[in-house]
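Hi,

Here is the structure I promised to pass on. Have a look at it first, and my notes follow below.

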Amino acid sequence: MSDRPIQTTTAGAPVADNQNSLTAGSRGPVLMQDWQLIEKLAHQNRERIPERVVHAKGWGAFGELTVTRDITRYTRARLFSEVGKKTPLLLRFSTVAGELGAADAERDVRGFALKFYTEEGNWDIVGNNTPVFFVRDPLKFPDFIHTQKRHPRTNLRSPTAMWDFWSLSPESLHQVTILFSDRGLPTDVRHIDGFGSHTYSFINEAGERFWVKFHFKTLQGHRHYTNAEAAEVVGRSRESTQEDLFGAIEAGDYPRWRFYVQVMPELDAEKTPYNPFDLTKVWPHADYPLIEVGTFELNRNADNYFAEIEQAAFSPSNIVPGIGFSPDKMLQARIFSYADAHRYRLGTHYEALPVNAPKCPVHHYHKDGAMNFMPNKPNPDAYYEPNSFGGPRQAPEFREPPLGISGDADRYDHRAGNDDYSQAAALFRLFDDGQRQRLFDNIAAAMAGVPLEIVERQLGHFEKVDPAYAAGVRQTLRIGAFSSEADTGSRKENALTQ
Ligand code: HEM
C-alpha cells in the first residue's frame with residue numbers, strides 16, 4: 001500500500017478512477033451520471049478570473065521589514081515603534097500596460113506594491129518605480145490608460161494615441177522623460193527603486209500631522225536594458241523578470257531595499273513654490289532630505305502563484321493608525337478605486353483570502369455575501385452596532401487630527417499657472433551625453449508612425465523643458481524624413497502604420 005493520500009472529490013469522497021470516464025460500453029458515450037468528469041470540467045471553466053485592468057503582469061514575493069532608525073516623533077504607527085522591530089510583508093511588482101501574458105522585458109513603468117501585515121491592520125503602499133505620475137487629476141486616468149492599451153479597431157498598441165494624449169497633457173513630461181530614460185526598461189525588479197509617489201500623512205502620538213513621501217532604494221544597484229538588448233531577451237524568454245526574481249530567492253540571494261521617508265512639517269505645504277500634493281512633482285531632497293527608516297528583504301517565494309500573488313489585493317485605502325491621507329486628488333480617487341476593483345476581480349470577501357487577511361484580530365459587522373467564509377463571531381447576538389451584547393466597539397483613541405481644507409467647490413483648471421517644465425528640465429540636466437542620446441533614441445523609436453502634427457506638438461513641450469532636449473529628439477527623428485503622406489494626421493491612414 002502506498003502512503004500517498006487518497007484523492008477525493010471536493011466533497012471529500014474517495015475517487016476510485018481518475019483515468020477513465022464512465023461510458024456506456026467501452027466505445028460508448030459518456031454518462032451524465034459521471035459527475036466527477038462534470039465537476040472537473042466545470043472547475044476548469046472557472047479557473048480564470050479577470051486580470052487586473054492595469055498592472056496585469058506581475059511578480060511577487062514575501063519578506064520582512066526591519067526598522068533601523070527611530071521615527072516615532074513623526075508617526076505612532078506601531079510597525080515603527082522601536083528600532084529592530086520586524087514586520088512581515090508582501091511585495092508585488094508589475095508592468096502597467098501589458099496583459100497577463102505580456103513579455104517581462106518591456107519599456108514601461110514598474111509597479112511596486114507593498115503590503116505590510118502590521119499588528120494594527122494591513123498597510124499598503126501601492127507605488128511605482130517612479131516618484132511621479134503622468135497625470136495629476138484622476139478624471140484623466142481612464143483616458144490615459146486607454147492610450148496605453150489596445151486600439152479598438154487595430155487591436156494593437158497605438159503610439160499615435162500615446163503621443164497624442166501626452167502632447168495634449170504637458171503635466172506628463174516629467175514621467176515621460178523617466179519612462180524613455182534608462183530607468184524605463186530595467187533588467188528585472190531586483191534592480192529598481194520604489195516610491196509611494198503620493199504625499200501621505202504621518203501622525204504622531206501628540207496628534208501632530210506631518211506630510212510624508214515614501215522611498216525604497218534598491219541595494220542591488222540599478223540595471224537597465226537598451227531597446228535592442230530587451231528585444232534579444234524577449235526573443236529568448238518572455239518571463240525574464242519572473243525567472244530572475246524567483247530564481248534569486250530560491251537560491252537564497254535575497255533582494256533588499258532601504259526604506260526612507262521625506263518629511264514636511266504640516267504648515268510648509270502653504271509655503272512651497274510647488275503644490276506638494278501634485279503627483280507630477282517631487283519634493284527636492286535639498287529641502288526635504290531622505291530620512292532612513294529601515295531595510296527590507298524578500299526571502300520567500302509564494303507556494304502557489306495564483307492564490308498568493310494573483311489574488312493579492314492592494315489598496316491605498318489600507319492605512320493604519322499613525323499614517324493618513326493627503327489632499328492629493330489622485331490619491332483620493334485611488335482610495336475608492338482599488339477596493340472597487342477587488343470586489344469585481346476577486347469578490348466581496350477578497351480581504352478574507354489568506355494572502356489579504358490581516359495578521360491581527362479582525363472585528364467588523366459586515367454580514368453574509370457570496371462566498372462568506374468568515375469565522376463565527378464569538379457572540380452571535382452582537383451582529384449589529386450599537387448593541388448591548390458586548391460586540392466590538394468604536395475606538396475614539398484612534399481619531400485622526402482634523403485635516404484643514406478650504407475653498408469653494410468648483411472644477412479648478414489643474415494646468416492654470418502650473419509649471420510642467422522645470423522639474424522635467426532638472427532631471428534632463430542630470431543626464432550625461434550617453435543618457436541623453438539613449439533618451440532621444442527611445443523617444444524617436446516610440447514615435448514611429450505618429451502623425452507629424454502630434455510629433456511637433458510634443459517637440460514644442462521638449463523645447464520648453466530644454467532646447468537641447470527638443471533638438472536631440474528632432475535630430476534623432478531625422479524629422480525631414482517624415483513625408484507628407486505619413487503626415488496626414490488621419491487616424492485611418494495612421495492606423496495602418498501603427
Ligand atoms: C493597479 C486604479 C494610479 C500603482 C490598479 C488597479 C486599478 C488602479 C483599478 C487594479 C487593481 C486590481 O485589480 O487589483 C488606479 C487609478 C489611479 C491609479 C484610478 C489614478 C487615479 C496609480 C498610481 C500608482 C499606481 C499613481 C503608483 C504611484 C498601481 C499598482 C498597481 C495598480 C502598483 C498594481 C497593484 C498590484 O500589484 O496588485 N490601479 N491607479 N496606480 N496601480 Fe493604480
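**What I found**

Among contacts in the protein chain between residues at least 6 apart in sequence, 73% join residues at least 24 apart; two residues are in contact if their C-beta atoms, placed from the backbone, lie within 7 Å. Please keep in mind that this is a predicted model, where local features need pLDDT of at least 70, side-chain atom pairs count only at pLDDT 80 or more, and totals for chains, interfaces and linings use all residues. Residues are numbered from 1 along each chain as its sequence is written.

On the overall fold, the protein chain has 13 helices and ten strands, taken as DSSP runs (H or I, at least four residues, for helices; E, at least two, for strands) and numbered from the N terminus. The radius of gyration, over C-alpha atoms, is 26 Å, close to the 23 Å that the globule rule gives for 498 residues, so the chain is as compact as a globular protein of that length. That rule is 2.2 Å times the number of residues to the power 0.38. Of the 498 residues, 35% count as buried, meaning 20 or more other C-beta atoms within 10 Å of their own; 12 or fewer is exposed, and in between is partly exposed, with C-beta atoms placed from the backbone.

An automatic or database domain assignment divides the chain into domain 1 (58–392) and domain 2 (431–477). Their centres, taken over C-alpha atoms, are separated by 30 Å. Contacts link 15 residues of domain 1 with 19 residues of domain 2. On the domain 1 side, helix α3 (residues 159–167) gives the most, with six residues.

Y338 is partly exposed, with 19 other C-beta atoms within 10 Å. Leaving aside neighbours within four places in sequence, Y338 is in contact with V126, F314, S315, P316 and S317.

Best wishes
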